[in-house]
Amino acid sequence: MDILYIAVNILVFLLLAPLFEGVIRKITARVQSRQGPPVIQPYYDLLKLLGKQNLSAGTVVFKFAPMLALASILGVIVFLPLGYQANYLTKYADVITIIYLLTLGGVSVLLGALSSRNTYAAIGSSREMITMIMVEPVLAMTFILGAVKVKSMGIAASISSVTAGGYGASVIVMMAAYLMALQAFVGRQPFDIAEAEVEILEGPFIEYSGPNYALFKYYLILKQMFYAALFVIVFIPPFKTGWYGADVLIQMAFVLVVFIGIALMGATHPRLRIDQAQKFYAVLIAASLAAVGLSVYGI
Amino acid sequence: MNIDLYGILLSALALLFAAAVVVPFLSRKRKLAGWMNFILVAAAASMLLNISFISVFQGGGETTRVIQFGPVGIYFLIDGFSGFFIGIISFMAIMSALYSIQYMEHYPDYRLWSYYLCFPLFILGMIGIVTVDDLSIGFTVAWQVMTIASYFLIRFEYREKGNVRNANKYLILMELAWILIVAGTLFIDGVAMGDSLHAITAKLASTGGSSLLAVYGLLLVGFGFKAGMFPFGQLWLPDAHSIAPSPISALLSGVMIKTGVYGIIRTFFWMVPREGYTGLLWGIVIASFGAVTLFIGTVQALKQHDAKRLHAYHSIGQMGYIILGVGSALVMLNSGSEFVKLLSVIAIIGALYHTLNHTVFKGLLFLSTGSVLYATGTKDLNKLGGLMKLMPVTAVVAGIASLSIAGMPSFSGFASKWTIISSDVLAGSQMMFLVMFGIVALFTSAITLASYVKFFGMTFASSGVEWNVSHTIREVPATMLIPKIILAVLCMLQGLLPFLYYGIFIDIFKNSDGSIIQPMFSGVSLDEYIVNSVMGVSVTVPGIKDLVSSVAVPLVVMLVIVTGLVFAWLLKRSGGAEEKVAPTWLCGYQDLNDKNRYAAHNMYSAFKKALRWTGGNVKK
């Protein structure tokens, strides 16, 4: 049974992630008074890209990077206790492993970008890395907030314990910081600085096309869904129905709400410069540090 | 014990001394001298590895023994703890000696007699530091041999501008560190020349409170100089490590600075009286130094674009992790709670584990950069780029080393950083500052990652050598590749099988008598708390049964990632798309050239600007 939960994790993410991406595109279009593509457009995009010609820069790292990116995000997803249910693999990792694994995806993007030899890709990867350094601590501290409460770094234990003692000041501060960082986690406006289509032409992905780009695209939308789902699992109080399928469905409904928020936020905010964003992230880090400090004292 | 460890030790040291006497006479025949040096050093090092093996694995550590050198008697001590350091020093000595044979061909204008005179003496000095059991005569001899030999090795390229000055600075500061350590012992009541550490410890008990502060303070600063602790490390470490020939840089960063860690652990865990010792205070001091060192050192490293300076600053940063582990262990050991006390075991294991890992991956990084320097003649990241196709083996091993130092799961740095960070965060539930240190360490490892993405990306990926050096760069010869491949394999093993190494470190502390942490290792049965989980480590602390406190299983992570890769590969192939190599596209009106490429110094400029206050800035 435990093994089955892993399959559910993977399938739910692989199947629903493009849909949520479609929701974002639809809402963005509506906010901008456009008709917008159909909600299932991202599925078409992926399928089409998989069949197109694959232009390569000729190096091994360039070809390997998209596969590693997708593999790393899938690696993170399998450990997630979706539907409040720890699966067979959850006990083999703790939150530090998860944090490091998440950076592995970012690293593959950067390595792919740098080995493409494109100048814009290098600019984009430099920005991507700064964003990673500055927002990853917010994620780490969300986990640590739970970990110090329960004295365990196990994934299931620390994730479910963040809100264990009710919504004290520390949890509220952390939740606010996570929400503010969410746009940066998923690379949406105002923090889509690394890709910045109209400025540096998709940055790290400029040289990618066809199936390689499809893998990167899938990586991005899966990552986006992971961060949204994590918010739901960590901060929304559990509505345990007792039936696993229903729990997963309820969580997905909340994820949809989070995505609507992401879309509205993204559609109404202009992009920041990297140095402006950096100051913003610094405030978030300070706030999350304060939250962890408060939680040690049980506030 | 049937085997006389001290006998083997003395013969190995004698052999090293003989190498220093004989090989310089051969130095006109450069290759021959290199091979002779390698053979003699390897012979001595295998004897030393034998000592290390016996004292670590068979628990055959011995008690302190006085050995007469003419009229003076010097106390020596080989236990599991010094055995570990003997092991890493002699292992790296073999790697470095093998690498030197070909590498020194790269300096045709310099005569090699001084190099082959000082190389064995340098090893001899380091072995001396970790085996002598006093802080006066034997310590002074070992320290001076190590310092003076390494001084001449560092100033090897004395015709380059600034090198002699930097080497002199190194010499002066190391002598200062020596003065501090020896002066520290003078505050002990009734201390005499040649006292063994046991005698010193006994005399410390009767030493007054304020003198005790002076003793420990001076010793911490003295050994801190050697270990690269902030702010002392910044004064000498980057300059010295970046100008030395690469095999020597690998020894300096890989093992020499570890003798500082050896000194700190010996001082604060062994040389302590039963009463009047404020371990909690010193633990907090050391852990704070560690946290500051790892953050500042790593941020300064991010700003470098000279590859060897970058590695050198990272040595400071990584030593910060080790010092943080040592300090945290001391804090936890002196806390009131049983839960936190048990975590001190994990923290000290983490410190030693990271010492081992850092030796291997930093040695590998310096050797890789040495190979790049050998093949291209430059170590400036702004000029390099695109070596992946030209030097594939070096690229792969440098990639493994970069992922290791950045702490990617299933590479070596991850296991030890995980150990240190998780113990700090868990203990943080009762001591707030420890959780903050843990978070700083986690944040810093993302900066390490950034720095090594830059190093790898700007050396092996991207582009640049075709304009700045030439199109015809060749991979380095086999004698320079073999040591790197061995180290790369070790990097993988140390990352994949953490439980194996945990076992070794537990044995080391269990079998080394006299430390204040030994009761934690032998008193409680650790099998219940530190559990093998598919060769990974799973920690469960008492009080909260059935709840895993922290767990890292690199093998499973590796398996998951490989499965993911297979899935990604299948997905990629599913559309049947054809593949074509295309030139870089720069909006159609220009080709890539040296003027419009993105150079290393541009990377992360906004972040570097925001952290200007940390120092270590580089002019463009």
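Modeller: Relative accessible area under 20% means buried, over 50% exposed, and in between partly exposed (1.4 Å probe, protein chains only). This is a predicted model in which local features need pLDDT of at least 70 and side-chain atom pairs pLDDT 80 or more, while totals for chains, interfaces and linings use all residues. Residues are numbered from 1 along each chain as its sequence is written, chains are lettered from A in the order in which they are written, and side-chain values use heavy atoms, without hydrogens and water.

Colleague: Is A:L294 buried, partly exposed or exposed?

Modeller: A:L294 belongs to helix α11 of chain A, residues 274-296, where helices are DSSP runs (H or I, at least four residues) numbered from the N terminus. Its C-alpha atom and that of A:I274, 20 residues away along the chain, stand 30 Å apart. With a relative accessibility of 28%, A:L294 is classed as partly exposed.

Colleague: What is the phi of A:R117, and where does that residue sit?

Modeller: A:R117 is partly exposed because its relative accessibility is 28%. The residue is not a glycine, yet its phi is positive, near 65°. It sits in the chain A loop between α4 (95-115) and α5 (119-150).

Colleague: How much area do chain A and chain B bury between them?

Modeller: The interface brings 82 residues of chain A into contact (heavy atoms within 4.5 Å) with 79 residues of chain B. On the chain A side, A:Y100, A:R117 and A:K151 lose the most area to chain B, together 12% of what that side buries. Taken as the accessible area lost by the two parts on being put together, summed over both with a 1.4 Å probe, and with 76% of it on carbon and sulfur atoms, the buried area is about 6,700 Å².

Colleague: Which loop of chain B holds B:S410?

Modeller: B:S410 has a positive phi of about 75° although it is not a glycine. In contrast to the partly exposed A:R117, B:S410 counts as buried because its relative accessible area is 3%. The loop in question lies between α15 (392-406) and α16 (412-427).

Colleague: Which residues does B:S423 touch?

Modeller: B:S423 is located in helix α16 of chain B, and with 1% relative accessibility it is classed as buried. Leaving out residues up to four places away in sequence, it touches B:M332, B:L343, B:I346 and B:A347.

Colleague: Are α14(B) and α17(B) roughly parallel or roughly antiparallel?

Modeller: Helix α14 (residues 338-376) and helix α17 (residues 432-459) of chain B have axes 13 Å apart at an angle of about 25°. Their contact involves B:K362, B:L365, B:T369 and B:V372 of α14(B) with B:Y452, B:F455 and B:T459 of α17(B). On a scale of 0 to 180 degrees between N-to-C directions of axes fitted to C-alpha atoms over the stretch in contact, angles under 35 degrees count as roughly parallel, over 145 as roughly antiparallel, 65 to 115 as roughly perpendicular and the rest as oblique. The two helices are therefore roughly parallel.

Colleague: How far apart are the axes of α2 and α3 of chain B?

Modeller: Helix α2 (residues 30-57) and helix α3 (residues 80-103) pack at an angle of about 160°, and they are therefore roughly antiparallel to each other. Their axes are separated by 8 Å.
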